[in-house]
Amino acid sequence: MYADVTEIPLREVLEKYASISKEEQEKDGFKCLCPLHNDSTPSFKVYEKENTFYCFGCSKAGGPVDLVRMLLKLGSNDEATAVLEKEYDIDQDAIPTVEELCNRKGLSVRVVTEMLRMGRCKKWCANAIFRQSSRATGK
């Protein structure tokens with residue numbers, strides 16, 4: 001279903017590990033009560049196109065892996081990644097290459113490589129490059 005944990009929609013993660021309360025639709029996503037703190041008005045904003053979130057109440061932010069780490073109180077993103085890979089039956093060895101990710105996102109490999117070199121690459125690309133190099137070196 002999903003090739004990588006970063007592709008799992010935040011809405012799905014919220015529905016599976018928490019709940020969506022007092023949802024308010026917005027043009028770029030939705031807001032709801034934050035599952036990370038005691039919230040009385042919707043302050044948890046999900047940006048659906050980017051598959052990221054930000055809470056205006058507790059200032060927590062991230063993507064699906066970060067949310068699972070915070071909700072389940074896990075020690076690292078690697079633990080959260082493992083939970084999501086198991087839950088969604090994502091094969092670690094089937095993680096797409098940087099080229100495949102760039103093609104899916106409509107980005108130039110050359111531009112992304114340059115952004116990475118400059119420290120401006122998104123987490124999904126950095127994670128993919130790390131995993132790809134880990135597989136190549138066997139670490």
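1. Tyr88 is buried, at a relative accessible area of 12%; here buried means under 20% relative accessible area, exposed over 50% and partly exposed in between, with a 1.4 Å probe and protein chains only. Tyr2 is likewise buried, with a value of 15%.

2. The model is predicted, so local features need pLDDT of at least 70 and side-chain atom pairs count only at pLDDT 80 or more, while totals for chains, interfaces and linings use all residues. Residues are numbered from 1 along each chain as its sequence is written, and side-chain values use heavy atoms, with hydrogens and water left out.

3. The structure contains three aromatic pairs. Rings of Phe, Tyr and Trp (its six-membered ring) pair if their centres lie within 6.5 Å; planes under 30 degrees apart are stacked, over 60 edge-to-face, and the rest tilted. One of the pairs joins Tyr2 and Tyr88 edge-to-face, at 5.9 Å centre to centre and 70 degrees between the planes. Tyr2 belongs to the segment before helix 1 (10-17) and Tyr88 to the loop between helix 3 (77-87) and helix 4 (98-105), so this pair ties together parts that are 86 residues apart in sequence. Helices (H or I, at least four residues) and strands (E, at least two) are DSSP runs numbered from the N terminus.

4. Tyr54 and Phe56 also pair edge-to-face, because their ring centres are 4.8 Å apart and their planes stand at 80 degrees. Tyr54 is partly exposed at 27% relative accessibility, whereas Phe56 is exposed at 52%.

5. Charged groups also meet rings. A charge sits over a ring if NZ of Lys or CZ of Arg is within 6 Å of the ring centre and within 35 degrees of the ring normal. The charged end of Lys16 is placed over the ring of Tyr88, 5.4 Å from its centre, and that of Arg11 over the ring of Phe30, 4.2 Å from its centre.

6. Five strands make an open, antiparallel sheet in the order 1-2-3-4-5; two strands pair if DSSP finds at least two bridges between them. Strand 1 (24-26) and strand 5 (61-62) are at the edges with a single partner strand each, so one side of each has no neighbour in the sheet. Strand 4 (residues 52-55) pairs with strand 5 in the antiparallel sense over two bridges, and Tyr54 stands opposite Ala61 in strand 5.

7. The chain has an average pLDDT of 82, and 78% of the residues score at least 70; pLDDT is the predictor's confidence in each residue, from 0 to 100. Over residues 132-139 pLDDT stays under 50, and the model has seven contacts for them beyond four places in sequence, a contact being heavy atoms within 4.5 Å. Where pLDDT is low, the predicted coordinates should not be read in detail.
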